[in-house]
Each structure stands twice: as C-alpha cells, then as structure tokens.
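Subject: Structure handover

Hello,

The structure I mentioned is placed below, with its sequence. After it come my notes on what I found, grouped by region.

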Amino acid sequence: MGSSAEQDYDYSFKILLSGDSGVGKSSLVQSFISHFVDNNRPTLGTDFQIKYLTVGGKKLKLTIWDTAGQERFRTLTTSYYRGAHGIIMVYDVTRPETFTHLTDIWSKEVEQYSTNQDCIKILAGNKVDKESERKVTKEEASAFAKAKGYLCLECSAKTRQNVEKCFQDLAEKILQVPNLAEQAKNTSKPQPKPTQTAPPKDSGCCTIQ
Ligand SMILES: Nc1nc2c(ncn2[C@@H]2O[C@H](COP(=O)(O)OP(=O)(O)O)[C@@H](O)[C@H]2O)c(=O)[nH]1
Ligand SMILES: [Mg+2]
C-alpha cells in the first residue's frame, strides 16, 4: 500500500491487549498482522503496530498496542490504556488461572484506567488448537462476558482460527458507538482533488500583456 493510500482512512482506532503473560497476546497480534507466528520469538519491547482494515465499507486504521512483557509485574498503567477504543482481553483456555486473573484483576484494571467509558472489550480465549488440554469452558467464559457486556470468542494465534474475526468484530462494534466513532474520525483525510486544472504556463489566454 502506498503512503498516500495509507492516509486515506476514515477512522483511526487504538486497540490494545490485556491479560496474563504467556496467553498469546503478542502471537495474536503477529498472526493478525503478518499471518506468521514464530514460536521462538520472545515478546519484544514493541510499542505498537499498524494494520489497515475495511469494515462495513469504512477504511480503518488500527493502531495495535501490545505490552512489552510488563504485565508480568502487573504494571500496565494509565498511559497504556489511555484513549483506547477497543481492548482485547486474552486468556489461555488451557490455563484456568489466566481466566481467573482476567475476571478478578485485568477487567478491574481496564475499567479503572480506560479513559473512554464506552470503550469496547472483547474476551478472547486463545489456544483452542489445544482442545484436549482445555480447562476453561466456553460457557463460563461467555457467562462472564455477558455479565460484563463484553464481546467474546475463542481463537488460536497458531491456526489463525477467529484471529481476523476478533479484530473485525471489535472494530465493527466500535463503529457502532457514536461517541467512539466520532472521536476516531480522520479529520485530515485528503479531500478529493478538484477536477479543474490550471492553464498551462504561457498559454497566453489570461495573460495581460
Ligand atoms: N498452541 C498454541 N500456542 C500459542 C498460541 N498463541 C501463542 N502460543 C504460544 O504461547 C507462548 C506465549 O505466547 P506470547 O504471544 O509470547 O504470549 P504473551 O506473553 O501473552 O504475549 C509462545 O510460546 C507462543 O508460541 C496458540 O494459539 N496456540
Ligand atoms: Mg507479549
């Protein structure tokens, strides 16, 4: 995509990921951005990545913030959450404690630090490719999501199952919230160029002699 096309988006959304270390947050972002998950790649100290997406005929610029591993010490703070339009809350379906930490800790932190009260959250149960090791049921996850008003799905960064859908559902829902959509509108989108062209230099037609 060329640079002029990249500015040609209708909305810019800040999306971020929350949840325990090792649940697959960075892998989900990688899987979404580049369709490639390197199992040996450590969590990098990245700040954000950008992906363009068209949803419902609208061109969206997603700025996706991932943690740099500081979630291990539970030190994600206001600056990380500030201005988020959508939050992906990730747990590992094979590790029940990662789900409990979401319900008991991360969801509270998200509520406390989100500056957008209407911010959309999606609960993502990752690693469903390890079905035989599953410890968290779909039912308990969706009951929690329903009680909190979160969207929810299960996914696998490894097989890419529901990865695209996760970001798409989130973006779709953000677009439906007038406050969020308005705030995220691209006000510097280049206007269509006027069709008229300037007369060629020295054409003489308008030159006062
Ligand atoms: N089987 C499986 N492993 C995954 C999946 N997503 C991530 N992993 C692995 O889980 C580990 C932690 O992933 P990472 O993305 O670093 O987690 P983060 O700490 O939440 O960012 C890595 O070894 C990944 O390869 C998945 O969907 N399925
Ligand atoms: Mg990570």
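Glu 164 counts as partly exposed, with a relative accessibility of 29%. Its side chain meets that of Arg 160 in a salt bridge, at 3.2 Å from N to O. Arg 160 is also partly exposed, at a relative accessible area of 24%. Please keep in mind throughout that this is a predicted model.

Arg 160 sits in the loop between β6 and α6. Its phi is positive, about 75°, although Arg 160 is not a glycine. The loop between β6 and α6 also holds Asn 162, another non-glycine residue with a positive phi, in this case about 65°. Asn 162 counts as partly exposed at 27% relative accessibility.

The search of the whole structure finds nine salt bridges. In general, side chains of opposite charge can pair when their charged atoms come close.

What is the exposure of the two partners? Arg 134 is partly exposed, with a relative accessible area of 22%, whereas Glu 154 counts as buried at 9% relative accessibility. The cut-off behind these two labels is 20% relative accessible area, under which a residue counts as buried.

The other is formed by Lys 148 and Glu 111, whose closest N and O atoms are 3.3 Å apart. Lys 148 is partly exposed at a relative accessible area of 33%, and Glu 111 is partly exposed at 38%.

**Helix α5**

Helix α5 spans residues 138-148, and its buried residues are Ala 141, Phe 144 and Ala 145. On which side of α5 do they lie? They cover an arc of only 100° around the axis, so they are on the same side of α5.

The face of α5 turned away from the buried side carries Glu 139, Lys 146 and Ala 147, which are exposed. The buried residues of α5 have cover that includes β4 (86-92), α4 (96-113), β5 (120-126) and β6 (151-154). Gly 149 follows α5 and has a positive phi, near 75°.

**Helices α2 and α6**

Two packed helices are described by the angle between their axes and the distance between the axes. Helix α2 (residues 25-34) packs with helix α6 (residues 163-175) at an angle of about 90°, and their axes are 9 Å apart. At that angle α2 is roughly perpendicular to α6. On the α2 side the contact is made by Leu 28, Ser 31 and Phe 32, and on the α6 side by Val 163, Glu 164 and Phe 167. By type, the residues of this contact are four nonpolar, one polar and one charged.

**Gln 183**

Gln 183 is part of helix α7 (residues 178-184) and counts as partly exposed at 46% relative accessibility. Setting aside neighbours within four places in sequence, Gln 183 is in contact with His 85 and Asn 116. Between Gln 183 and Ser 12 there are 8.9 Å in space, C-alpha to C-alpha, against 171 residues in sequence.

**The chain as a whole**

The protein chain has seven helices and six strands. Read from the N terminus, the order of its elements is α-β-α-β-β-α-β-α-β-α-β-α-α. Of its 209 residues, 42% are buried. Among the contacts with a separation of 6 or more, 76% are between residues 24 or more positions apart.

Regards

Technical notes
Residues are numbered from 1 along each chain as its sequence is written. Chains are lettered from A and ligands numbered from 1 in the order in which they are written. This is a predicted model: local features need pLDDT of at least 70, side-chain atom pairs count only at pLDDT 80 or more; totals for chains, interfaces and linings use all residues. Side-chain values use heavy atoms; hydrogens and water are left out. Buried means under 20% relative accessible area, exposed over 50%, partly exposed in between (1.4 Å probe, protein chains only). Helices (H or I, at least four residues) and strands (E, at least two) are DSSP runs, numbered from the N terminus. The arc is that of the directions from the helix axis to the C-beta atoms. Contact means heavy atoms within 4.5 Å. A salt bridge is a side-chain nitrogen of Lys or Arg within 4 Å of a carboxyl oxygen of Asp or Glu. Axes are lines fitted to C-alpha atoms, for helices over the stretch in contact, and angles run from 0 to 180 degrees between N-to-C directions. Angles under 35 degrees count as roughly parallel, over 145 as roughly antiparallel, 65 to 115 as roughly perpendicular and the rest as oblique. Ala, Val, Leu, Ile, Met, Phe, Trp, Tyr, Cys and Pro count as nonpolar, Asp, Glu, Lys and Arg as charged, and the others, Gly among them, as polar.
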